[in-house]
Amino acid sequence: MGNDALSAETGTIPDVDFRAVQVSPEFQKLRRTHRSFVFPVLGACLAWYIVYVLLAGYAHDFMSTPVFGSINVAMLLGLAQVVTTFAVTMWYVHFANKHFDPLAEQIRDEVESGVFGTDASASASGVGVTEGGVR
Amino acid sequence: MLHLDAASTSPGDPWLNIAIFGAFVAITMVIVFRASRNNKTASDYYAAGRSFTGGQNGSAIAGDYLSAASFLGIVGAIAVTGYDGFLYSIGFLVAWLVALLLVAELLRNTGKFTMADVLSFRLKQRPVRIAAATTTLVVCFFYLLAQMAGAGGLVSLLLGIGDKLGQSLVITVVGALMILYVLVGGMKGTTWVQIIKAVLLIAGAAVMTVWVLAINGFSFSTLLDNAVATAGTPAILDPGLKYGVSEVAKLDFLSLGLALVLGTAALPHVLMRFYTVPTAKEARKSVVWAIWLIGIFYVFTLVLGYGAAALIGGEKILAAPGGANSAAPLLAFELGGPVLLGLISAIAFATILAVVAGLTITAAASFAHDIYASVVKKGKPAPGAEVKVARRTVVVIGIIAIIGGIGANGQNIAFLVALAFAVAASANLPTIVYSLFWKRFTTQGALWSMYGGLASALILIALSPVVSGTPTSMIPGADFDIVPLSNPGIISIPLAFLLGWLGSVLDKGIESPAKQSEMEVRSLTGIGAEKATHH
């Protein structure tokens, strides 16, 4: 069934020591870069959204203040949500292309070239040295 | 010009409406039949052979997402309840940031066909798969309910059928047609319809938006003034027309807002779309495309909603067959007569058709892949059996959705979809987030969170005014609306997160650390999911 080269079957990929990859400095850097971007940015966006919903729910007088003609604060804040969503999307894509992809590709290449094989050969012990430096 | 004096008649000539509408639906059907000729493997049927580009898939995601709820429901909600309806647009859009930043690429890298593939990756296969398949089926059911109700209302409007029995018949016929379509089309056919439909829907909405603005001298402010003049009250411009009447209603508004923003990243049929692209980078690209298309469309809904409020007026809309959901088609008729009405209705119908197809395939895939192939047959189904089971599931789900759709007939469909979002955010989101980002997460935590979130959301809905206690409830005669909230999100979502945490902390066993390593590495790097790069 399906294309085996592309399937992420739930079975383990046999000859990669994922534990070794996980503790490698390259992967730790990727994980750190990813989390330190995604969590704060998403947190800020959700906070801004919740503030908007709370204002719309509880600050009717403020939201009803006309700004241009009949266009009120509520309309402008709503459209501002759209604008920030677009802006964060573009920011994320830029950041991911620049910082996530090269790291991920580097790790994939190393795994494919057998740096992280499970047979406890020279390559695996080579990782063991760097392992102590992490965490 | 507008024949709306008798509330139960159709605007324009029903036969002309139906002729234009029918011609359009026929064209889309032909495309699906042509596109689906080579549905051979399970991968073809569920994931379209992973053959779509980011741009194509992004348009398809937008097509999936801009369902009848977005078009008919939101335009209707704004036309009738004013600014409060706009929250749907904002919530549905901002929700995509959660999907983009937190789940899209990571899921693409770890899964295969269904959400359960990811959730059961490092936990115990059987119980987690069964739980994930259960929540998938329930979420799809709620979403289908809304689409069926929308389709019924739309066709009733075109045919001018005002009585409930006639509308129920319409829902049944439309539902049967949709089942047939999914059986033939599969994922590839569905994806093509989504792409075509997304383009047509956005183009149609753009034309109507420009038209509405042109009538009002290209001034949004003038449009708002006219909406106020028709409605007879300036409250239509301010938040609170629907949700400002009491403290409970305000809390309900917050609950709705929470469900909208957290639901998208947990909708099984949206998650499944990330699997139809070959790489994580394409998954990222598709979400970006989708966000642009969806965002622009939602800005149009603001103009269309107030346009309908100004040109037709909330009371007339509510009196038409289909209720609030008929605002967009009525506006089309007001602007461009029967031709535009026929076209816009046909696009809306194609929207519903394609969304129903996508949902039914997701539900069927979940049942056939997660329960039949993985649990019943222990991962070794007979050749071809999985797809056969999937097709049978489609029929069963379709019938259940038709019955539910008849029950939900007349409810605002954006509101109904928001219930699906609340169920998804409660039952699925905590487990998705925990299994991707929290090492200590265990099977017990997943099961508590999924079943707890699902049960609490369902019980709260069952005891809410949606089901009983008010004249617009599904069972208007009964009265067991103990919970005043019509959207359960504010209670059930935090509860599900809490249960996931509690279940894991109290779990004495720990999950396989090797699997955790593998999942984390694969989700971030794409090892095993990306094509090998040969140097």
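**Salt bridges, an interface and a nonpolar patch**

Across all chains there are 9 salt bridges, a salt bridge being a side-chain nitrogen of Lys or Arg within 4 Å of a carboxyl oxygen of Asp or Glu. The model is predicted, so local features need pLDDT of at least 70 and side-chain atom pairs count only at pLDDT 80 or more, while totals for chains, interfaces and linings use all residues. Residues are numbered from 1 along each chain as its sequence is written, chains are lettered from A and ligands numbered from 1 in the order in which they are written, and side-chain values use heavy atoms, with hydrogens and water left out.

Let's begin with chain B. Its secondary structure comes to 20 helices and 0 strands; helices (H or I, at least four residues) and strands (E, at least two) are DSSP runs, numbered from the N terminus. Of its 535 residues, 68% count as buried, where buried means under 20% relative accessible area, exposed over 50% and partly exposed in between (1.4 Å probe, protein chains only). Take the contacts in chain B between residues at least 6 apart in sequence: 83% of them join residues at least 24 apart, a contact being heavy atoms within 4.5 Å.

One salt bridge within this chain pairs R129(B) with D370(B), their closest N and O atoms being 2.5 Å apart. The pair links distant parts of the chain, since R129(B) sits in helix α7 (residues 125–159) and D370(B) in helix α14 (residues 327–376), 241 residues apart. Both partners are buried: R129(B) has a relative accessible area of 3%, and D370(B) has 0%.

For a local counterpart, look at K285(B) and E282(B), whose side chains meet in a salt bridge (3.2 Å, N to O). These two are 3 residues apart in helix α12 (residues 280–311) of chain B, so about one helical turn separates them. K285(B) is partly exposed at 41% relative accessibility, whereas E282(B) counts as buried at 18%.

Now to the place where the chains meet. The contact takes 65 residues from chain A and 76 residues from chain B. The size of an interface is often given as the accessible area lost when the parts come together. Here the buried area (the accessible area, 1.4 Å probe, that two parts lose on being put together, summed over both) is about 6400 Å², with carbon and sulfur atoms giving 68%.

Between chain A and chain B the count is 3 salt bridges. One of them joins R31(A) to E520(B), with the closest N and O atoms 2.6 Å apart. R31(A) lies in helix α2 (residues 25–58) of chain A and E520(B) in helix α20 (residues 513–525) of chain B, so this pair joins two chains. E520(B) is buried, at a relative accessible area of 5%. Elsewhere, D101(A), E105(B), K281(B) and R284(B) are linked in a network of salt bridges.

Chain B exposes about 16400 Å², and carbon and sulfur atoms supply 71% of it; accessible areas come from the Shrake-Rupley method with a 1.4 Å probe, and for residues only the protein chains shown count as cover. A nonpolar patch of about 610 Å² is made by W448(B), L495(B), L498(B), W501(B), L502(B), V505(B) and L506(B). Patches are made of residues with over 30% relative accessible area and no salt bridge, like charges being joined within 9 Å and nonpolar side chains (Val, Leu, Ile, Met, Phe, Trp, Tyr) within 5 Å. Helix α19 (residues 489–506) of chain B gives the most to this patch, with 6 residues.
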